[in-house]
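Good morning, and thank you for coming.

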Amino acid sequence: MRRAPAGMLKETMAKDSRKNVAETEFRSGGIDLKNIELREIEMPLKYSFETSFGVTSKRRVLVVRVVDSSGASGYGECTAMEQPLYNHESVDTAWAIITGCIAPILSAASIFSAADVSRVLAPIRGNRMAIAAIETAIWDLEAKVLNKPLWQHLGGTLSEINCGVSIGLQSSPDVLIERVEREVEAGYQRIKLKIKPGKDIEYVKAVRRKFPDILLSVDANSAYDLESNIEVLQELDNYDLLMIEQPLAAGDLLDHSKLQPRLRTPICLDESITSLRDAQQAIEMDACRIINIKLGRVGGHSQAKAIEEFAKAKNIPVWCGGMLETGIGRAHNIAMSAFDGFSLPGDVSASSRYWEEDVIEPPVEVSKDGTIKTRRQAGIGFDVKTGLLHSITLRTITISLP
Ligand code: OSB
Ligand code: MG
C-alpha cells in the first residue's frame with residue numbers, strides 16, 4: 001500500500017506520511033484513496049468578464065474526481081485560470097503539480113481523513129489552487145461516505161447564504177448602470193464593480209448617483225500604486241463604499257497598511273491573503289478590515305476555516321470570493337459560506353449568470369431576496385452531469401494510488 005515518493009520529496013514526505021498513518025490508523029474512518037481522475041474541460045462564458053488584468057470569455061477548468069477503495073467519489077475544481085494573471089498559477093501548472101507532486105505525496109500517505117490533507121500537502125510551497133482542487137474533492141468524498149451534507153461535515157451552521165455579484169469593467173458608465181440595474185432587480189444584496197485606473201471615479205459616481213442606497217463595493221485586482229494613485233483612492237471615500245478590494249499589489253501588505261489609515265473606506269484583501277499567517281499579519285498591520293476568502297487561493301477548506309475563525313475572533317468580517325467557477329467550485333463555495341464568520345454577502349451567484357448549461361444538477365439558483373440555500377443531500381449536494389463533462393473534455397488522466 002505505501003510506497004516512498006519519488007525524487008526530492010522522499011526525505012520530507014517519508015517522515016510526514018509515517019506520522020500521518022500512525023495518527024489515523026486507529027480511527028474508524030479515514031479515506032483509502034484509490035484514484036485521482038484529472039480532467040480539463042472548456043466552457044464558454046455567457047458574457048465575457050473584464051478585470052484590470054484582462055478579459056475572460058471562456059474558462060479552461062481542471063476538474064478533480066477522487067475515488068476511494070469502495071468506489072465512492074468526490075469532486076473538486078481547480079480555480080486557476082488559463083494564464084497566471086490573477087496569481088502565479090495556471091491550468092497547466094496545476095496539472096503538473098497535481099500529477100507530479102500531489103499524487104505521489106498522497107500515494108505515500110495512503111490513509112488519511114480530509115482534515116489531514118492540508119497538513120500532508122503543506123511541504124509544497126505555493127500552488128494552493130492545485131492543492132485546493134484535491135483537498136476539496138477529498139472533503140466531498142468524505143462527506144458522501146459519511147452521508148452528510150458537506151457544509152455540516154465542515155462544521156458550518158448557516159442554512160442559507162447571502163449573495164452579491166461582481167460586475168466586470170464596462171464600456172461606459174451607462175452600460176454599467178444597466179448591468180447594475182439587472183442585478184439589483186434580481187435581488188442580489190451587494191454589487192461589486194471592477195475598477196482600474198481611468199475607469200474608476202466616473203463609473204462609481206454614476207452608479208452611486210443612480211442607486212444611492214445599495215451595498216456597493218469596488219475591486220481593483222491590484223491595479224493601483226500607493227505612490228501615484230493616492231488621490232484617486234482617497235476620492236473613492238466619497239461614495240459610501242462597503243469596501244475597496246485589493247487596491248495594491250498582492251505582496252504589498254506594507255503599502256496596504258500605509259493606505260488603510262488614510263481611507264475611511266475599509267480595505268478588503270483578496271490576492272494578498274494566501275494563508276492563515278497572511279491573514280494574521282494583515283490584520284495585525286491594519287492592512288485590511290475585511291477579508292475575501294477563496295478556497296483555491298488559500299489551499300482548501302481547512303485553511304479557509306482557519307482564516308474564518310481567526311478573523312471572527314478579531315471582529316474582521318469575511319466573505320466568499322469567486323473565480324468564475326463551474327457548478328462544482330460554486331457548490332464548494334456555498335458549503336464554505338455556511339460558517340457564521342461569513343457575515344457579508346459573497347461573490348457566489350446563480351449558475352445562469354455564467355453558463356448556458358452548468359455541469360451540476362440542479363443549477364445554483366438565487367432567491368428573490370438574494371440568498372442561496374445550502375443543500376440537504378450528502379457531499380456538495382449537487383449531481384455532476386458526467387455526460388456533459390465528458391463531451392467538453394480536452395484531456396484527462398487517471399492516476400492510481402497503489
Ligand atoms: O478578484 O474577485 C476577483 C474573477 C476572476 C478572478 C478574480 C476575481 C473575479 C471576480 C468574479 O470578481 C467573481 C465571480 O463572479 O465568480
Ligand atoms: Mg477580488
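The model is predicted: local features need pLDDT of at least 70, side-chain atom pairs count only at pLDDT 80 or more, and totals for chains, interfaces and linings use all residues. Residues are numbered from 1 along each chain as its sequence is written, chains are lettered from A and ligands numbered from 1 in the order in which they are written, and side-chain values use heavy atoms, without hydrogens and water.

Which residues come nearest to ligand 1? Of the 17 around it, they are Ser166, Lys194, Asn221, Leu324 and Tyr354; here, a residue is near if one of its heavy atoms lies within 4 Å.

Next, the polar contacts, pairs of N or O atoms within 3.5 Å. A side-chain N or O atom of Ser166 is 2.8 Å from an oxygen atom of ligand 1. For Lys194, the corresponding distance to a ligand oxygen is 3.0 Å. Asp219 also places a polar side-chain atom 3.0 Å from an oxygen atom of ligand 1. Taken alone, ligand 1 exposes 390 Å², of which the protein buries 99%; areas come from the Shrake-Rupley method with a 1.4 Å probe.

Finally, the domains. An automatic or database assignment gives domain 1 (32-147 + 386-400) and domain 2 (153-384). Their C-alpha centres are 22 Å apart. Each domain supplies at least three residues to the shell around ligand 1.

Notes. Polar contact = N/O pair within 3.5 Å; in protein donor to acceptor, adjacent residues only side chain to side chain.
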